[in-house]
Amino acid sequence: MKIAIIGGSGNMGRWFARYLTKEGAQVIITGRNQEKLLSVGKELGIPTATNIEAVKQADFVIISVPLDTFESVVKEIAPYTRQKQIIVDVTSLKSRPVEIMHRHITKGIVLGTHPVFGPGAKDIAKQNFVLTPTNKDETALADNIKQQLEDRAAIVSIMTPQAHDEIMTVVLGLAHFIAIVSADTLLSFDKFQEMKKIGGTTFKVLYTLIESVISEDPQLYASLQMNFPNIRNVETLFQTNTKIWADMVRNKNKQKFAQRMDSLREKLGKTDPAFHSAYENMYKITEGL
Ligand SMILES: NC(=O)c1ccc[n+]([C@@H]2O[C@H](COP(=O)([O-])OP(=O)(O)OC[C@H]3O[C@@H](n4cnc5c(N)ncnc54)[C@H](OP(=O)(O)O)[C@@H]3O)[C@@H](O)[C@H]2O)c1
């Protein structure tokens with residue numbers, strides 16, 4: 001099978017190009033900056049092309065470009081897509097990209113996908129994928145891709161693009177926001193190295209979150225924050241809760257603090273059957289480092 005990766009010279013595109021080539025697929029990559037594209041092609045030992053040339057040749061097209069350039073890329077390639085060709089995107093949001101693909105691509109089957117991992121992933125095994133089919137043909141394609149991914153031990157969820165975005169607003173949006181604000185706060189203190197040296201498990205968990213977010217591409221993370229639906233509501237709720245907890249501390253309201261924390265523990269125990277002991281969970285995370 002011939003696979004074209006539009007944006008194959010980028011972080012995720014390169015990851016998929018390497019993985020799919022190893023899996024035996026014939027991969028062709030594209031990118032905007034020619035020098036960078038040729039260098040990645042050379043590094044991976046695979047051919048490069050323009051977006052249009054690549055789409056013309058491929059049975060399967062993966063669009064791996066940032067959200068900001070997504071529509072112009074889809075518009076450019078749409079006239080060259082054909083019946084039975086498969087076109088998937090890997091954008092971290094799904095409603096808008098899927099709507100854009102439907103609007104411009106009238107031939108071939110499109111499918112929204114989101115690999116919920118970064119380019120640092122060692123393997124596909126245990127990685128999360130979300131597939132967002134919206135009709136019968138897309139559902140058949142999603143079932144097929146799900147099977148192939150699960151055969152390689154990936155974890156696959158199927159849902160609507162809207163449900164995906166709603167969940168990702170909290171799963172990625174809030175997590176990224178907390179990590180960035182925490183980094184900003186943490187780095188305001190001196191003695192950072194000492195903190196790292198003597199910090200216990202809770203600090204290690206916090207620092208792992210900070211490291212994993214701050215080491216990523218700022219352009220991508222800024223674009224995600226600006227595009228998550230209802231992110232303002234989520235972050236406003238977070239700010240409101242921050243104030244409530246800070247006020248309890250400021251007013252030395254020990255009993256109210258403990259009661260509210262206790263009720264959170266109770267709620268979490270009821271909502272999440274996997275929540276047994278906070279320490280057990282934290283050790284699991286830090287042991288995996
Ligand atoms: N990074 C992650 O952790 C992650 C995880 C899951 C999903 N995603 C999604 O994956 C997509 C790519 O992210 P990334 O991190 O790989 O970004 P990236 O490193 O910036 O790569 C983007 C690629 O798209 C290319 N590109 C941009 N406009 C183009 C155009 N008009 N024609 C051809 N190529 C074009 C870029 O080429 P130039 O560099 O030459 O401009 C680059 O090769 C995004 O939609 C992102 O939401 C990212």
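**Exercise 1. Find the handedness with which α7 passes α10, then describe their packing.**

Solution. α7 passes α10 in a left-handed crossing; a crossing is left-handed if the near helix is turned anticlockwise from the far one by less than a right angle, and right-handed if clockwise. Helices (H or I, at least four residues) and strands (E, at least two) are DSSP runs, numbered from the N terminus. The model is predicted: local features need pLDDT of at least 70, side-chain atom pairs count only at pLDDT 80 or more, and totals for chains, interfaces and linings use all residues. Residue numbers start from 1 along each chain as its sequence is written.

Next, the geometry. α10 covers residues 218-227, and its axis comes within 10 Å of that of α7, at a crossing angle of roughly 120°. Axes are lines fitted to C-alpha atoms, for helices over the stretch in contact, and angles run from 0 to 180 degrees between N-to-C directions. α7 is therefore oblique to α10, where angles under 35 degrees count as roughly parallel, over 145 as roughly antiparallel, 65 to 115 as roughly perpendicular and the rest as oblique.

Last, the residues. Leu-172, Gly-173 and His-176 of α7 meet Tyr-221, Leu-224 and Gln-225 of α10; two residues are in contact if their C-beta atoms, placed from the backbone, lie within 7 Å. The classes are three nonpolar, three polar and no charged residues. Ala, Val, Leu, Ile, Met, Phe, Trp, Tyr, Cys and Pro count as nonpolar, Asp, Glu, Lys and Arg as charged, and the others, Gly among them, as polar.

**Exercise 2. Describe the packing of α7 with α11.**

Solution. Start with the axes: α7 (residues 161-186) and α11 (residues 231-250) pack at about 50°, with the axes 10 Å apart. The two helices are therefore oblique to each other. The crossing of α7 past α11 is right-handed. On α7 the contact uses Thr-169, Val-170, Gly-173, Leu-174 and Phe-177, and on α11 Ile-231, Val-234, Glu-235 and Phe-238. Six of these residues are nonpolar, two polar and one charged.

**Exercise 3. State how α7 is oriented to α9 and which residues make the contact.**

Solution. The axis of α9 (residues 201-214) comes within 9 Å of the α7 axis, and the two cross at roughly 105°. α7 and α9 are therefore roughly perpendicular. α7 contributes His-176, Ala-179, Ile-180, Ser-182, Ala-183 and Leu-186, while α9 contributes Leu-206, Leu-209, Ile-210, Val-213 and Ile-214. By class there are nine nonpolar, two polar and no charged residues.

**Exercise 4. Locate the two domains and characterise their contact.**

Solution. The assignment gives domain 1 (2-159) and domain 2 (163-287); such bounds come from an automatic or database domain assignment. Taken over C-alpha atoms, the domain centres are 32 Å apart. On the domain 1 side, α4 and β6 (128-132) each give two or more residues. That side has five nonpolar, six polar and two charged residues.

**Exercise 5. Describe the shell around the ligand.**

Solution. Of the 28 residues around the ligand, Gly-7, Gly-10, Arg-32, Asn-33 and Gly-118 come nearest; a residue is near a molecule or strand if its C-beta atom, placed from the backbone, lies within 6 Å of it. The elements giving two or more residues are α1 (11-22) and α4 (67-77). The shell divides into 10 nonpolar, 14 polar and four charged residues. At least three residues come from each of domain 1 and domain 2.
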